[in-house]
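Morning, everyone. Please bring up the model on your screens. I'll take the core, then the metal site, then a sheet.

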Amino acid sequence: MDKSVRIVHFSDIHFTPRPQFIRSSYDEAVSVINNTPHDFAVFSGDLTQDGLIEEYELADTLRKAIISPKIYWIIGNHDSRSGGFEVWEKKVGPREFREYFDDVLFIGLDSCIPDQDGGRFGREALDYTKKILMKYGDAKLKLIGFHHHILPIPKTGRERSNAVDAGDMLSVLLDHNVDAVFTGHKHHPNVYKVEDTIIISAGSVSSYKTRSGGSRSFNYVEITPEKEVKVKIMKTNGDPIKNELKTITRRFRMVDSTGGIWLRLAQIAGTDFGTATNNQKELFQKGIDLINSTNPDLILHCGNMTSEGRTSDYESAVEAFLPYSDKLIFCPGPNDLRGFGETLLHKYFDIENTIEKNNSLFYVLNTSAPETEIGVVGRTTQHRLETYVYHTRQQSRDKFHTVVMHHHLIPIPGTRETSALEDAGDVLRLLSDTGVNLALSGHLGRAFCTRV
Ligand SMILES: [Fe+2]
Ligand SMILES: [Fe+2]
């Protein structure tokens, strides 16, 4: 690849004869796209409003107005409605495809479940993607498009319609060094860099549904031969909205200016005291011995210390952690709040919101509530965290900020995203905008680490 690749990325047209389709925005966007030199375009799903034949027919007519060397059309959940996924194959093309040209690999996937808003890739598609990425491992540029978002998007409220196996897909993308991912679905533009992979979400070109009074928009993406990715988010009239790129690495060390280590942190979760059999007690002892051998300054417990939040559970936990009480920072999980757990929690533990140690600040964010696995931070707490981080940043710029919580922000491979943090999109955006250095979580019992 000796020259930059220029891509127009647009999404969520929602063609329909009914008022949900805003024709003027579509015409405006098409005119800008037609005058924007590009190598190819990616449409990331929701071509129609309800997957109806009349909407596909309208799409047939109006799509002709777009002048582009090549467009990759990806199916969205609205297109799959009412059996529309079959019409898609007749009218638009295959729901899954790959193309390799000029050292560029493009894979298009169907992440939709017919008549459901949420998505799923499924084992077959994950294996297919891995196989293709291995086959074309030497491709200069590896690009993938699918409709559903895999990282939480800000301003999209209750996080409910992502792909349930987003963590598995994220792991495939990172393992095979995919350069860029194109998604749509939430009608809100957003860009993150996870490791070396850029994950780009487009807003909607012409749906009546926008977010936060936002504009209808599309993206212009340029990837240089050095793999620098520039994303320009544009209103349908071509005016720039803003250039957004936030970066998430698995490799990082907390060192001071002399290269010395500031703090050694041990992160644990799910000790589940209460149902402990002898075997579990042995396992805990082995684990805690291992942790001690690393001589940590702090042990950060990210929730579910107890199995059911009963008095006896808490008593066992307090006894087990007593030798380490001066090192322990604890953030409860949903198990700890079951029954009278919330009352017992405050009887046995002093849950402080903020803790300072060795020039590092720890913010304990309780995302759990009794009798639900689903987590939430809430707008008031988000605001408090934001104010706290900005305030302490003003006082000192070189403090290391860590948020300790139970629910995760980034989907975890090998899990199903059914009990995510409701407002993960807003919280991830807040942490990345305020420059929080580390977020630790402990939900779902699987270890995963990445950098945004
Ligand atoms: Fe949509
Ligand atoms: Fe959608």
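Start with the largest nonpolar core: it has 46 residues, and F121, I150 and L409 touch the most other members. A nonpolar core here is a set of buried Ala, Val, Leu, Ile, Met, Phe, Trp, Tyr and Cys residues joined through side-chain atoms within 4.5 Å. Buried means under 20% relative accessible area, exposed over 50%, partly exposed in between, with a 1.4 Å probe and protein chains only. Helix 6 gives the most to this core, with six residues. Helices (H or I, at least four residues) and strands (E, at least two) are DSSP runs, numbered from the N terminus. Domain 1 (5–242) and domain 2 (265–445) each supply at least three residues to this core. Those bounds come from an automatic or database domain assignment.

A word on the source. This is a predicted model: local features need pLDDT of at least 70, side-chain atom pairs count only at pLDDT 80 or more, and totals for chains, interfaces and linings use all residues. Residues are numbered from 1 along each chain as its sequence is written, chains are lettered from A and ligands numbered from 1 in the order in which they are written, and side-chain values use heavy atoms, with hydrogens and water left out.

Now the metals. Which residues hold the iron ion (ligand 1)? Its protein donors are D12 (OD), H14 (NE2), D46 (OD) and H187 (NE2), at 2.0 to 2.3 Å. Donors are N, O and S atoms within 2.8 Å of the metal (3.2 Å for Na, K and Ca); water is not among the atoms, so sites may look incomplete. D12 is buried, with a relative accessible area of 0%. H14 is buried too, at 2%.

The iron ion (ligand 2) is coordinated by D46 (OD), N77 (OD1), H147 (NE2) and H185 (ND1), at 2.1 to 2.3 Å. D46 coordinates both irons, which are 3.4 Å apart. D46 sits in the loop between strand 2 (40–43) and helix 2 (53–63), and N77 in helix 3 (residues 77–80), so the pair ties together parts 31 residues apart in sequence. Both D46 and N77 are buried.

Three strands form an open sheet in the order 13-14-15, with parallel pairing. Two strands pair if DSSP finds at least two bridges between them. The edges are strand 13 (265–268) and strand 15 (328–330), each pairing on one side only. Three bridges join strand 14 (residues 298–301) to strand 15. I299 has L328 in strand 15 as its bridge partner.
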